Amino acid sequence: MATKIRLQRGGRKGYAVYRIVVADVRAPRDGKFTEKLGTYNPNTNPATVDLNFDRALYWVETGAQPTDTARTILKNEGVYLMKHLRGGVKKGAFDEAAAQAKFDAWKQAKEKGFDAVREGEAKAKKEAAAKELEAEKKLNEAIAKKVADKKAAAAAEAKAEEAAAEATEAAAEETAEAPAEEATEAPAEA
């Protein structure tokens with residue numbers, strides 16, 4: 001029976017999550033499978049892979065042919081590197097401990113790269129939030145300035161109205177006093 005290591009789609013529309021499975025070559029993509037090796041979530045940065053390493057290595061050494069995407073995932077997880085190192089142990093190039101040491105060194109370097117990506121992403125988010133906050137502060141300052149200008153204009157307008165009202169009041173008083181003075185002076189002459 002020819003077997004393949006492939007991805008089986010799951011998740012919802014627009015947010016695909018995959019199972020990494022071993023299936024018969026003739027089985028449909030989301031059909032019957034022999035064994036589930038893990039999961040793959042491409043929606044995170046970096047992509048999240050949860051893999052049963054020993055079983056994946058067993059199936060690769062047994063001769064299961066992975067699809068292109070599954071091969072890339074297995075290479076990134078180090079399954080093919082370990083297969084290569086085990087081949088070196090079988091040929092006598094080095095012993096099992098040296099192979100494991102090489103694999104652990106590779107895995108640590110890979111983890112450092114992932115950590116750098118995560119830190120860079122967190123730093124970018126912080127910088128974006130700081131820029132957004134700064135832009136919002138500038139916008140609020142501009143709005144506050146406009147409001148202050150409107151209030152100052154309204155106060156100046158109110159003062160001008162008050163001055164105009166006082167001026168009309170004073171003019172009205174003067175016109176009212178002038179006829180009264182004439183009226184009081186006119187009877188005195190008679």
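Is aspartate 24 buried or exposed, and what is its relative accessibility? At 17% relative accessibility, aspartate 24 is buried (under 20% relative accessible area; exposed is over 50%, partly exposed in between; 1.4 Å probe, protein chains only).

The model is predicted: local features need pLDDT of at least 70 and side-chain atom pairs pLDDT 80 or more, while totals for chains, interfaces and linings use all residues. Residues are numbered from 1 along each chain as its sequence is written, and side-chain values use heavy atoms, without hydrogens and water.

**View 1. Aspartate 24 in strand β2 (residues 15–24).** Strands are DSSP runs of E, at least two residues, and helices are runs of H or I, at least four, both numbered from the N terminus. The side chain of aspartate 24 makes a polar contact with that of arginine 26 at 2.9 Å. Such a contact is a pair of N or O atoms within 3.5 Å; within protein, one must be able to donate a hydrogen and the other to accept it, and residues adjacent in sequence count only if both atoms are side-chain atoms.

**View 2. A salt bridge between glutamate 77 and lysine 107.** The N to O distance is 3.8 Å; a salt bridge needs a side-chain nitrogen of Lys or Arg within 4 Å of a carboxyl oxygen of Asp or Glu. The pair links distant parts of the chain, helix α2 (residues 68–77) and helix α4, 30 residues apart. Glutamate 77 is buried at 16%, whereas lysine 107 is partly exposed at 26%.

**View 3. The cis peptide bond from asparagine 45 to proline 46.** Its omega is near -5°. Proline 46 is in the loop between β3 (35–41) and β4 (48–51).
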